[in-house]
Amino acid sequence: MANRVVVTICGEEYTFVAEESPSYMQKVGAYVGDKMDEVLNSTRVGKTDAAVLTAANIADELFKAQAAAEQLRRQIKGYLDDAGKAQSQVSELKREIVRLQQRLENRGSK
């Protein structure tokens, strides 16, 4: 069921309609509002240009976050590969220990 939430961004009210919780949508609206305020306070542009700059800044954040997430996925995959190799080595060493113990037992029984 879609939720409807009214958020205020730069003095304008917008109705968000989404499946997410109202608190989440408020959080999104507040984030966009804060980013818009940053742009408006640091440059001499109108709201439309500020909205475009804000969208570009948020897109930049998104792309950097996606790149960081992909790097973490690759790093985790490497760790999992290393862990799998280590498990194989442990299994092989356990088999070797059993073989050596059997050889010792066979020598002791002669």
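Thr54 counts as buried, because its relative accessibility is 2% (buried means under 20% relative accessible area, exposed over 50%, and partly exposed in between, with a 1.4 Å probe and protein chains only). Thr54 is found in helix H2, where helices (H or I, at least four residues) and strands (E, at least two) are DSSP runs numbered from the N terminus. Not counting residues up to four places away in sequence, Thr54 touches Val32, Lys35, Met36 and Val39, contact being defined as heavy atoms within 4.5 Å.

This is a predicted model, in which local features need pLDDT of at least 70 and side-chain atom pairs count only at pLDDT 80 or more, whereas totals for chains, interfaces and linings use all residues. Residues are numbered from 1 along each chain as its sequence is written, and side-chain values use heavy atoms, with hydrogens and water left out.

**Overall form**
- The protein has two helices and two strands, and from the N terminus on its elements run β-β-α-α.
- The radius of gyration of the protein is 29 Å, while a compact globule of 110 residues would have one near 13 Å (taken over C-alpha atoms, with the globule rule being 2.2 Å times the number of residues to the power 0.38).
- Along its principal axes, the C-alpha trace of the protein spans about 95 × 35 × 15 Å.
- Of the 110 residues of the protein, 11% count as buried, and among contacts between residues at least 6 apart in sequence, 16% join residues at least 24 apart.

**Strands and turn**
- Strands S1 and S2 run antiparallel and are joined by seven bridges (two strands pair if DSSP finds at least two bridges between them), with Asn3 standing opposite Ala18 in S2.
- S1 and S2 form a hairpin with two residues between them, and Cys10, found in the loop between these strands, has a positive phi of about 55° although it is not a glycine.
- Cys10 counts as buried, because its relative accessibility is 17%.
- Phe16, found in strand S2, counts as partly exposed because its relative accessibility is 22%.
- Leaving aside neighbours within four places in sequence, Phe16 is in contact with Asn3, Arg4, Val5, Val7, Ile9, Met25, Val28 and Gly29.

**Nonpolar core**
- The largest nonpolar core has eight residues in all, namely Val5, Val7, Ile9, Cys10, Met25, Met36, Val39 and Ala50 (a nonpolar core is a set of buried Ala, Val, Leu, Ile, Met, Phe, Trp, Tyr and Cys residues joined through side-chain atoms within 4.5 Å).
- Strand S1 (3-9) and helix H1 (22-42) each supply at least two residues of this core.
- Ile9, leaving aside its neighbours within four places in sequence, is in contact with Tyr14, Phe16, Gly29, Val32, Gly33 and Met36.

**Helix H1**
- At 1.5 Å a residue, the 21 residues of H1 should span 30 Å, and this agrees with its end C-alpha atoms, which are 30 Å apart (the expected span is 1.5 Å times one less than the number of residues).
- The buried residues of H1 are Met25, Gly29, Gly33, Lys35, Met36 and Val39.
- They lie on the same side of H1, because they cover an arc of only 165° around the axis (the arc is that of the directions from the helix axis to the C-beta atoms).
- The buried residues of H1 pack against S1, strand S2 (12-18) and helix H2 (47-108), whereas on the other side of H1, Ser23, Lys27, Asn41 and Ser42 are exposed.
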